[in-house]
Amino acid sequence: MTQPPPAGGWPDPASTGQPSGPPADPTLPVSPQPPIPPQPSGYDPYQPSPADPYAGMKSDPAAAPYPPAGYPPAQPAGYPPAQPAGYPPAPPGYGYPPPGYGYPQQKTNSMAIVALVLSLIGIGSCITAPVGAIMGHVAMRQIRETGESGEGMAKAAIIVGWILTGLLALVIIGYAVAIAFAIASSSSTT
């Protein structure tokens with residue numbers, strides 16, 4: 001039984017003959033590339049002339065890094081800034097907003113703020129922690145519906161509120177067990 005020739009140009013280890021040639025390199029071009037034309041030669045404005053060796057280093061006053069005083073002329077108040085010469089006007093909606101304005105800020109859900117405050121007050125009062133946790137769940141639902149910000153505050157209110165509620169429940173159960181133990185021990189001694 002004969003096997004089909006291996007794909008990819010790899011020699012078959014079971015064959016005794018030498019491969020007919022090395023495998024083709026896929027990175028080499030199929031046909032030779034045309035030669036690259038030489039760079040055009042011409043006048044170099046920065047090449048110093050034999051008469052003035054510093055001619056290329058002299059600066060043009062129009063190309064100075066800082067414009068002369070009074071240029072460009074000041075715009076009267078209330079007018080938009082002038083567009084630099086030679087540039088087309090920017091399309092609306094691109095670039096930075098005008099100075100003094102800014103991108104509109106996304107509104108934070110007020111129930112998320114209240115829920116976080118109530119959950120944190122629950123550290124001292126213990127009764128507002130479950131209220132803050134429930135309000136955190138309501139705030140999360142509102143945030144999903146309206147797209148407002150404040151999801152992190154609502155999650156924090158939920159976590160802190162339920163942890164403090166659990167701790168409050170453990171304390172109440174501990175007091176109930178202590179009272180029951182005290183009553184049981186006092187009735188057995190009389």
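This note reviews the helices, the nonpolar core and a few individual residues of the structure above.

1. Basis of the note. The model is predicted, so local features need pLDDT of at least 70 and side-chain atom pairs count only at pLDDT 80 or more, while totals for chains, interfaces and linings use all residues. Residues are numbered from 1 along each chain as its sequence is written, and side-chain values use heavy atoms, with hydrogens and water left out.

2. Overall composition. The protein chain has 3 helices and 0 strands, and its elements run α-α-α from the N terminus on. Helices (H or I, at least four residues) and strands (E, at least two) are DSSP runs, numbered from the N terminus. Of the 190 residues, 13% count as buried; buried means under 20% relative accessible area, exposed over 50%, and partly exposed in between, with a 1.4 Å probe and protein chains only. Among contacts with a separation of 6 or more, 55% join residues 24 or more positions apart, where contact means heavy atoms within 4.5 Å.

3. The pairing of H1 and H2. Two packed helices are described by the angle between their axes and the distance between the axes. The axes of helix H1 (residues 110-125) and helix H2 (residues 128-146) come within 7 Å and cross at roughly 165 degrees. Here axes are lines fitted to C-alpha atoms, for helices over the stretch in contact, and angles run from 0 to 180 degrees between N-to-C directions. H1 and H2 are therefore roughly antiparallel to each other, a term for angles over 145 degrees. Their crossing is left-handed, that is, the near helix is turned anticlockwise from the far one by less than a right angle.

4. The contact of H1 with H2. The residues of H1 that take part include Met-111, Val-114, Leu-118 and Ile-121, and those of H2 include Val-131, Met-135, Val-138 and Ile-143. By class, this contact has 13 nonpolar, 7 polar and no charged residues. Ala, Val, Leu, Ile, Met, Phe, Trp, Tyr, Cys and Pro count as nonpolar, Asp, Glu, Lys and Arg as charged, and the others, Gly among them, as polar.

5. The loop residue Cys-126. Cys-126 is found in the loop between H1 and H2. Its phi is near 70 degrees, a positive value in a residue other than glycine. At 30% relative accessibility, Cys-126 counts as partly exposed.

6. The largest nonpolar core. Which residues make up the largest nonpolar core? They are Ala-112, Ala-139, Met-140, Ile-143, Ala-154 and Ile-158, 6 residues in all. H2 and helix H3 (151-189) each supply at least two residues of this core, and the largest share, 3 residues, comes from H2. A nonpolar core is a set of buried Ala, Val, Leu, Ile, Met, Phe, Trp, Tyr and Cys residues joined through side-chain atoms within 4.5 Å.

7. Is Ile-158 buried or exposed? Ile-158, found in helix H3, counts as buried at 15% relative accessibility. Leaving aside neighbours within four places in sequence, Ile-158 is in contact with Ala-133, Gly-136, His-137 and Met-140. Glu-151 is also found in helix H3, but counts as partly exposed at 39% relative accessibility. Not counting residues up to four places away in sequence, Glu-151 touches Met-140 and Ile-143.

8. Pro-130. Pro-130 lies in helix H2 and touches Gly-161 and Thr-165, not counting residues up to four places away in sequence. Pro-130 and Leu-164 are 34 residues apart in sequence and 7.8 Å apart in space, C-alpha to C-alpha.

Definitions and conventions:
Parallel < 35°, antiparallel > 145°, perpendicular 65-115°, else oblique.
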